[in-house]
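The sequence and model come first, and the explanation follows.

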Amino acid sequence: MLEAAGVPLIFESGQEGRANRYFERGKPLENFLPPRVLRDELPLPDNSELDVVRHFTQLSQRTFGIDLGFYPLGSCTMKYNPRVNDAVATRREFADLHPYTPDDLAQGALAVMYELERSLSSLFGMTAFSLNPSAGAHAELGALLIAKKYFKERGETRRDKVIVPDTAHGTNPASAAMCGFKVISMPSNARGRVSVEEIRKVAGDDTAVCMMTNPNTLGLFEEEIAAITAAVHEAGGLMYYDGANANAIMGYARPGDMGFDLMHLNTHKTFTIPHGGGGAGHGPLGVAAHLVDYLPTPVVVRDESGFRLEFDRPKSIGPMRSFWSNFAHAVRALAYLYANGSEGLKRVSQLAVLNANYLRVKIAAFLETPYPEVCRHEFVASAQRLKKENGVRALDLAKALLDYGYMAPTMYFPLLVPECLMIEPTETESKETLDGFAQALETIVDRARKDPAALFDAPTTTVVGRVDETRAARQPDLRWRP
């Protein structure tokens, strides 16, 4: 029995013979299914449909999501997804379209992909995008494969280094390593930014790419970005823009204008694609003019006969996934773009920045904020002082927030901030929600100073209390056995 959750395992709630029977009793299953797909060893539960519906509904009531409360998960941008986007994406004309439908019978779907690609190119200052990658990190991989092929065709195979600042998004060094590049870590300066002088010291004839997130993971805009891109280009390298934080700059700054050659977007962050849960992702990959021929195939093109998928691109790195795109997400993203328009997208950026700075100033009154200046869409606070004085860690503050009905912020990232809490309010939250969150955190910090031991067992009101996270990671029990 899952006593902590108050819900029995689905195996324990059924009884033999209770399951719904859709086949005529007494007839062997071989009459309905081929023998090769039948298995006897599966320990499937014997439940009625009502058992199953109640079981999963009860489980859904014991978790936390954006539909229930504030989700200030820094870097991940857990904002509310307008339901109209889902309504459009699930229209029968889109949802029932087979991926192998001939181009002449899929003109509407191809038009969606074409319009989204053109809109993203305009909004972010790139020449073209591919909608093929399945997620942001997948697009990172694609961008680095493009860089690798680009330099190989130029005879510059000595370029095997990728510069990654410590304020870049966390997947950047992993993507570079997967492509066989050597990662050069670039420490940020005292103001949490990349110094052009430090870039010039390491950029040379072995530099392939410099990967940057702007605003960075501290929520700070890289003020020397034009000089940095110029320095990398002077050394013969390419600039890659991690678009994880694009919701802070839409309509105000474009990576292409900053000098970036490659970029990706996380549509689950900026364009309200559903986030988390292990579902399908979507990671458009953008390039400047000199790299268009290397984009993953297929790409949607338009000519006098209409829209079509183009596969014949000799320099392309090839397809990165089966089929052509996570199409439903392309529909959602385009619906979001159309609903907001150019001025609406600027308003999104304004509110993301306003909410972050409002919350930053309120929290700075009782908790250390290592970079006390105007941020963009997110900011970092630190429990380092509390830990030294009372032994209370960022983890304890985060767990205690769950007792107050708020999801915890991102913890211990970026790594350069000790006892880090990374907070992103997003543009969809109200002032009242932000005030409530700040008040709850202030109450917890005050409690930490007066009675620190009270926080070490938090959360105490949630369905599941604090778990041994090390053991859970190293010895996960994911399979039921009788």
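**Cysteines, backbone and surface**

Searching the whole structure turns up 0 disulfides, a disulfide being a pair of cysteine sulfur atoms within 2.5 Å. Cys 210 takes part in no disulfide, and its nearest cysteine sulfur, that of Cys 179, is 16 Å away. Cys 210 counts as buried because its relative accessibility is 0%; buried means under 20% relative accessible area, exposed over 50%, and partly exposed in between, with a 1.4 Å probe and protein chains only. For Cys 420 the closest cysteine sulfur belongs to Cys 76 and is 13 Å away, so the two are too far apart for a bond. Cys 420 is likewise buried, with a relative accessibility of 0%. In general terms, a disulfide is a covalent bond between the sulfur atoms of two cysteines.

This is a predicted model, in which local features need pLDDT of at least 70 and side-chain atom pairs count only at pLDDT 80 or more, while totals for chains, interfaces and linings use all residues. Residues are numbered from 1 along each chain as its sequence is written, and side-chain values use heavy atoms, with hydrogens and water left out. The mean pLDDT of the protein is 92, and 96% of the residues score at least 70; pLDDT is the predictor's confidence in each residue, from 0 to 100. Confidence is lowest in H1, with a mean of 84, and highest in strand S7 (residues 285–287), at 98. Helices (H or I, at least four residues) and strands (E, at least two) are DSSP runs, numbered from the N terminus.

The protein is divided into domain 1 (10–61), domain 2 (84–340) and domain 3 (342–474), with bounds that come from an automatic or database domain assignment. Between the C-alpha centres of domain 1 and domain 3 the distance is 44 Å.

Ile 423 belongs to strand S12 and is buried, as its relative accessibility is 0%.

Most residues other than glycine have a negative phi, and most peptide bonds are trans. Ser 75, which is not a glycine, has a positive phi of about 75°. Ser 75 sits in the loop between H2 and helix H3 (83–89) and is buried, at 3% relative accessibility. Phe 323 also has a positive phi, near 60°, and lies in the loop between strand S9 (306–310) and helix H12 (327–364). At 32% relative accessibility, Phe 323 is partly exposed.

Two peptide bonds are cis: that from Phe 413 to Pro 414, with omega near 0°, and that from Ala 458 to Pro 459, with omega near 5°. Pro 414 is in the loop between strand S11 (410–411) and strand S12 (420–423). Pro 459 is in the loop between helix H15 (431–450) and helix H16 (469–474).

Val 37 is in the loop between helix H1 (10–13) and helix H2 (49–60) and is partly exposed, at 42% relative accessibility.
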